[in-house]
Amino acid sequence: MGEFNQAKYIQQFQKEKYDRCIFNVPKGQKSIIEKHWKAKGYKSLNSYINNLIAKDMQKDSLGGG
């Protein structure tokens, strides 16, 4: 039996459970955005973006968009 490859396992899990969304920002904005989400108390850019999207979608579903 082969050795357990944790990196490959994680990659496969993520491929099955998540969609990837890649976006671009103007040069220099990445560090500004990073400082912002950290100052807001988020643990990652991913959690910050997901929260923004969820709030925006909820606002739209309530007729506030």
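Good morning. Phe4, Tyr9, Ile10, Phe13 and Tyr18 form a nonpolar patch on the surface, with about 580 Å² of accessible area together. A patch of this kind takes residues with over 30% relative accessible area and no salt bridge, and nonpolar side chains (Val, Leu, Ile, Met, Phe, Trp, Tyr) are joined within 5 Å. A salt bridge here is a side-chain nitrogen of Lys or Arg within 4 Å of a carboxyl oxygen of Asp or Glu. Accessible areas come from the Shrake-Rupley method with a 1.4 Å probe, and for residues only the protein chains shown count as cover.

The model is predicted: local features need pLDDT of at least 70, side-chain atom pairs count only at pLDDT 80 or more, and totals for chains, interfaces and linings use all residues. Residues are numbered from 1 along each chain as its sequence is written, and side-chain values use heavy atoms, with hydrogens and water left out.

Ile10 is partly exposed, at 38% relative accessible area (buried is under 20%, exposed over 50%, partly exposed in between).

How many helices does the chain have? There are three, with zero strands (DSSP runs, numbered from the N terminus: helices, H or I, of at least four residues; strands, E, of at least two). Along the sequence, the pattern reads α-α-α.

Of its 65 residues, 3% count as buried. The chain exposes about 6600 Å², of which carbon and sulfur atoms supply 54%. Thank you.

Terms used: Patch = residues over 30% accessible without salt bridge, like charges linked within 9 Å, V, L, I, M, F, W, Y side chains within 5 Å. Buried < 20%, exposed > 50% of the residue type's maximum accessible area, 1.4 Å probe, protein only.
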